[in-house]
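Trainee: I'm new to this one. Could you walk me through it with a few questions and answers?

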Amino acid sequence: MYLIFVLGTAGSGKSELTGVFTRWLELQGENAMAVNLDPGAISIPYSANVDVRDYIKVESLMEEYGLGPNGGLMLASEMMLEIVEQLSSDLDDFGPDIAILDTPGQMEMFAFRDVGARIAEELSDEGKGVIYLFDAGFSRDPLNYVMSMFLASAISNRFLLPQISVLSKADLLGDELEEMEGWGEDPMLLEAAIDARLTGMNRLMSQDMMEVINRLGVQFNPIPFSTRTNLGFNRLYSEMSRVFMGGEPFTT
Ligand SMILES: Nc1nc2c(ncn2[C@@H]2O[C@H](COP(=O)(O)OP(=O)(O)O)[C@@H](O)[C@H]2O)c(=O)[nH]1
Ligand SMILES: [Mg+2]
């Protein structure tokens, strides 16, 4: 079994990718399964046999403890560590070859606290990886693109797992898509866009952040992806197989 955690900021398309792409993987002959790790989800666009809400629901916690949505989500995140064994045994019962795990909408509650990485660690001893979503609508501005790179680096430092970047909701981009693909392939093109399109503090900030990212030696080349047009499905699949499985399919 290989576990793939889908991470990204709120609204970046984690749940929809989890649902649509898992279904597509099944059509490719993979024994894939979608898993919901978001205790705050009201509805999810896929059916999940393994679902954290079987044990913890933000809505119920809010009612029971008189909390707001953020307080409820924080408590739920902490509680998830206590039921990770149950989730792990649920996963084993179904035994897919790939589990695609949808994570909480509010990434900072999960991924930027210990809980995310600890759950990843305790859920399974088997292979694990991360898909990180660059939200296309947000990242079309060069400053925001650099910020997305920063978030992706932070996730990578937290989880210490092989990671693939995806440019989600790419169907929302017009001609910009080609330019943004260039930013992923060649950092100098991103630097040129920063110089051309930003001024003042935003420009300085982006330039300095780029310098740090270059110094870290990390590279992101997000795969343009859309659940609406199936853009990037084949590329993401072959990248997953290459990065996570050394080129083999997940189901043998
Ligand atoms: N145009 C477009 N919209 C998308 C795509 N993926 C998700 N969305 C929409 O973006 C919003 C947030 O998606 P969701 O999967 O719930 O994001 P999450 O908070 O990261 O789980 C929803 O309204 C989705 O229908 C996509 O590929 N293209
Ligand atoms: Mg979601």
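Mentor: Gladly! Let's start with a definition: a residue counts as buried when its relative accessible area is under 20%. Keep in mind, too, that this is a predicted model.

Trainee: Is Asp51 buried or exposed?

Mentor: The cut-off for buried is under 20%. Asp51 has a relative accessible area of 6%, so Asp51 is buried.

Trainee: Which residue does the side chain of Asp51 meet in a salt bridge?

Mentor: The contact runs from N to O at 2.8 Å.

Trainee: Which residue has a polar side-chain atom 2.5 Å from an oxygen atom of ligand 1?

Mentor: Ligand 1 also has an oxygen atom 2.8 Å from a polar backbone atom of Lys14, and another such contact, at 2.9 Å, involves the backbone of Thr227. The side-chain contact at 2.5 Å belongs to Glu16.

Trainee: How many residues apart in sequence are the parts that Glu16 and Arg228 tie together?

Mentor: The side chains of Glu16 and Arg228 form a salt bridge at 3.1 Å. Glu16 lies in helix α1, while Arg228 sits in the loop between β7 and α12, so the parts they tie together are apart in sequence by 212 residues.

Trainee: In which helix do Arg242 and Glu239 both lie?

Mentor: Their side chains meet in a salt bridge of 2.9 Å. The two residues are three apart, about one turn of the helix, and that helix is α12.

Methods
Residues are numbered from 1 along each chain as its sequence is written. Chains are lettered from A and ligands numbered from 1 in the order in which they are written. This is a predicted model: local features need pLDDT of at least 70, side-chain atom pairs count only at pLDDT 80 or more; totals for chains, interfaces and linings use all residues. Side-chain values use heavy atoms; hydrogens and water are left out. A polar contact is a pair of N or O atoms within 3.5 Å; within protein, one must be able to donate a hydrogen and the other to accept it, and residues adjacent in sequence count only if both atoms are side-chain atoms. A salt bridge is a side-chain nitrogen of Lys or Arg within 4 Å of a carboxyl oxygen of Asp or Glu. Helices (H or I, at least four residues) and strands (E, at least two) are DSSP runs, numbered from the N terminus. Buried means under 20% relative accessible area, exposed over 50%, partly exposed in between (1.4 Å probe, protein chains only).
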